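Please consult the sequence and the structure shown here while reading.

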Amino acid sequence: MPFIPKIGEYYIIRNKEKNKEQYAHLESISGKSYYFDYGVFGFHETNCKKKYIRELTDTEKTYRKNNEFWKLPQQFYQSFPT
């Protein structure tokens, strides 16, 4: 079955230029763009194409279930709220 990202679910997205990964929440889809929010301390927004989205591995799903978010990929820029 083909991979179909669903709004409201969590995925790992990749920045194609910097080859960094980020745990993120899919907020919306428009055409071929997928819009995500991410962040531990504050929320940031980004978008990407489907080819840069992957499902969480079984290990990552366990981290998420156990609220161990620091163990999930957090490589995109993040700032503290002011």
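Glu60 is buried, with a relative accessibility of 10%; buried denotes under 20% relative accessible area, exposed over 50%, and partly exposed the range in between (1.4 Å probe, protein chains only). The model is predicted, and local features need pLDDT of at least 70, side-chain atom pairs count only at pLDDT 80 or more, and totals for chains, interfaces and linings use all residues. Residues are numbered from 1 along each chain as its sequence is written, and side-chain values use heavy atoms, with hydrogens and water left out.

**Salt bridges**

Three salt bridges are found in a search of the whole structure. The term stands for a side-chain nitrogen of Lys or Arg within 4 Å of a carboxyl oxygen of Asp or Glu. The table lists the pairs.

| Pair | N to O distance |
|---|---|
| Glu21 and Arg54 | 3.1 Å |
| Arg54 and Glu60 | 2.9 Å |
| Lys71 and Glu68 | 3.5 Å |

The side chains of Glu21 and Arg54 meet in one of these contacts. Because Glu21 belongs to strand β2 and Arg54 to strand β5, this pair ties together parts that are 33 residues apart in sequence. Strands (E, at least two residues) and helices (H or I, at least four) are DSSP runs, numbered from the N terminus. Glu21 is partly exposed at 24% relative accessibility, and Arg54 is partly exposed at 26%.

Lys71 forms a salt bridge with Glu68. Lys71 is partly exposed at 41% relative accessibility, whereas Glu68 is buried at 18%. Through shared partners, salt bridges join Glu21, Arg54 and Glu60 into one network.

**The sheet**

Five strands form an open sheet in the order β4-β3-β2-β1-β5, with antiparallel pairing. Strands β4 and β5 stand at the edges with a single partner strand each, so one side of each has no neighbour in the sheet. Two strands count as paired if DSSP finds at least two bridges between them.

Strand β1 (residues 10-15) runs antiparallel to strand β2 (residues 20-30), and six bridges join them. Within this pairing, Tyr11 has Ala24 of β2 as its bridge partner, and Ile12 has Tyr23 of β2. The two strands make a hairpin with four residues between them, and Asn19 in the turn has a positive phi of about 55 degrees.

Strand β1 also runs antiparallel to β5, joined by two bridges. Here the bridge partner of Ile13 is Ile53 in β5.

Strand β2 pairs in the antiparallel sense with strand β3 (residues 33-38) over five bridges. Ile29 has Tyr34 of β3 as its bridge partner, and His25 stands opposite Asp37 in β3. This pair of strands, β2 and β3, is likewise a hairpin, with two residues between the strands. Gly31 in that turn has a positive phi of about 65 degrees.

**Backbone beyond the hairpins**

Most residues other than glycine have a negative phi. Asn67 has a positive phi of about 55 degrees although it is not a glycine. Asn67 lies in the segment after α1 (58-65).

**A charged patch on the surface**

Which residues gather in a patch of positive charge on the surface? They are Arg14, Lys16, Lys32, Lys49 and Lys51. Patches are made of residues with over 30% relative accessible area and no salt bridge, with like charges joined within 9 Å and nonpolar side chains (Val, Leu, Ile, Met, Phe, Trp, Tyr) within 5 Å. Lys and Arg count as positive and Asp and Glu as negative, while His and the chain ends are not counted. Lys51 is found in the loop between β4 (44-48) and β5 (53-54), and Lys51 is exposed, with a relative accessible area of 61%.

Conventions
Areas by Shrake-Rupley, 256 points an atom, 1.4 Å probe, with all protein chains shown as cover. Charge placed at Lys NZ, Arg CZ, Asp CG, Glu CD.
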